[in-house]
Amino acid sequence: MDFTLALAGFAVPVLLVYWLNKRSSKSLEIPGPPAHPFVGHTFKVPTTKTWKYYENLAHEYGPIMKLTLAGDDILVLSDPADAQELLGRRSRIYSSRRPLIYAGKYQSNHMRFTLLPYGESFRRQLGAFHQMLEPRAVGGYQTLQLTMSLRLLKDMAKAPTEFFKHIPRFPASLVFALSFGRELKEHDLAEVQKILADFVFDINPGAHLVDTFPMLDLLPDFLSPWRAEARRKRVRELALYGGLCVDVKKRMEKDPELECFTARLWDQQEKFKMPDEEIFYIVGTGFASGTGTSAATMLWFVMAMVLNPEAAKKAQAEIDTVFNADTLPDFSRMKDLPYCFALLKEVIRWSPVVPLSFPHYLDAEDEYKGYKIKKGTTVISSLWNMHHNEKEFPNSYKFEPERFMTKKPGQTDGMDNIALGEGMYGFGFGRRECPGQQMGTKSAWIAIVRLLWAFNIEAVLDSSGNSIPIDTESCTEGLTCRPHAFPANFVARSAAHIETIMSS
Ligand code: HEM
């Protein structure tokens, strides 16, 4: 009897502790749409306008959702607080990239910065990037930003209907000159645009079947035409960037003072132990990441101005208080143009050019809000959903720069390091946050201010005098999105403005 009692006295607490432990370690199911038992959501997630699909899902399943693509978990975050916690505070394990077979292994030989897992090569390349993109360095680019934006104004004054050609050329020529210390020629531009368009498509999750079903990489070459295609793209890209980098090296022999990003990398090649090919990729990646995103932001700006003439008028009224028709705007009065700055932020919020950011990849199992998140999960921060969250941004589809005019508690003033990304999430989160945000924003800012100073950006009218409608959802597909061609009229604000441009 005593023995039975003693056993019960011992067993009951042990069982209780076991049961409680088991109960508390049982994690909650991450919400998400019903999955097919074998293929999960593989054939449900569209490869085009995926952000719209996630937007609808988030209304039903909330700010943290899980989907499964060919056995891999995808976590979609729609609340910035969750992204800041996971990708920011827990960035040690949330900063990798999912290995991509097509774009990473064959198209980039595991050397492309944007696709590198979080590790030594990544940190080395990031160090190199910071040389070009840190705020101190960006301060030195003003002359080039002014030269290139003046060139944009001249092109626009000469052929305003061709804005769809001139505007993307602006960031391309700027980053090109910064990278290679020379002007972007017409034939370089065509080649670069082709390479960029391919790449933006190729890194989109789901763009290539082999990245959804890695087993396909075991098939021999004759059954895998995609492999030869990816390798061909790599050769083409290396020919372009390699040629440009080698050309810089040759020019450095004649001119040791030559100042550009590539020259700095050649100078430090030994220190950082970078093979030539890595230099080609670092420079190429900066160019690819910086031009498409900035060009898309500028084109969304034009669309926003056509659709919201009252915002354009307010910005022009602000600019006119600082610069008259005889004075080309520059950076000197940035702090006196807060509405223009708010307008740029609103463009990035209203239509984020990387709507699902670049997916991050989880290196170790984690637990959050009672959910168990598996190692190897792809984590997508839906910047689109964050920017269209009605609680934080009421009437979120409305273009309203005023939302960035009132300083929220804890926010900083002016156009400085912190204020840039403050209040919106268009540059991503954590250790993989966009390293080019300073440069991108400053370049876009000067171009926008100068365009608004010089031109009214108006709707095109049909024969009955009605504005030709613009479809705000008609945009390119891939990881970044920019509007398809749309009608807009650039009308010079006065002959004096054009005179100032042409004589500058
Ligand atoms: C308005 C312009 C720009 C926007 C909206 C933008 C946005 C973004 C976003 C959302 C990401 C992904 C962040 C993440 O993974 O969490 C990113 C990454 C990146 N951006 Fe930008 N960007 C812009 C301009 C630039 C410029 C001008 C450069 C360089 C010249 C640049 C270079 C990069 C690079 C190298 C990455 C990859 C970072 C990594 O993999 O760790 N971006 N950008």
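Modeller: Let us begin with Lys 165, which counts as partly exposed because its relative accessibility is 48%. Relative accessible area under 20% means buried, over 50% means exposed, and values in between mean partly exposed, with a 1.4 Å probe and protein chains only. The model is predicted, so local features need pLDDT of at least 70 and side-chain atom pairs count only at pLDDT 80 or more, whereas totals for chains, interfaces and linings use all residues. Residues are numbered from 1 along each chain as its sequence is written, and side-chain values use heavy atoms, leaving out hydrogens and water.

Colleague: With which residue does Lys 165 form a salt bridge?

Modeller: Side chains of opposite charge can pair when their charged atoms come close. The criterion is a side-chain nitrogen of Lys or Arg within 4 Å of a carboxyl oxygen of Asp or Glu. Here the partner of Lys 165 is Glu 162, with 3.6 Å between the closest N and O atoms. Glu 162 is partly exposed as well, at 37% relative accessibility. The whole structure holds 36 salt bridges.

Colleague: Is Arg 227, which meets Asp 217 in a salt bridge, buried or exposed?

Modeller: Arg 227 is buried, at 3% relative accessibility, and Asp 217 is buried at 15%. Their N to O distance is 3.1 Å. This pair links distant parts of the chain, ten residues apart: Arg 227 belongs to helix H12 (residues 225-254), and Asp 217 to the loop between helix H11 (209-212) and H12. Both residues belong to a salt-bridge network that also includes Lys 105, Asp 221 and Arg 231.

Colleague: In what order do the strands of the open sheet lie?

Modeller: Strands of a sheet pair through backbone hydrogen bonds, either parallel or antiparallel. Helices (H or I, at least four residues) and strands (E, at least two) are DSSP runs numbered from the N terminus, and two strands pair if DSSP finds at least two bridges between them. The four strands follow the order E1-E2-E6-E3, with mixed pairing. E1 (64-69) and E3 (360-361) are the edges; each has a single partner strand, so one side of each lacks a neighbour in the sheet. E3 runs antiparallel to E6 (residues 378-381), joined by two bridges, and Tyr 361 stands opposite Thr 378 in E6.
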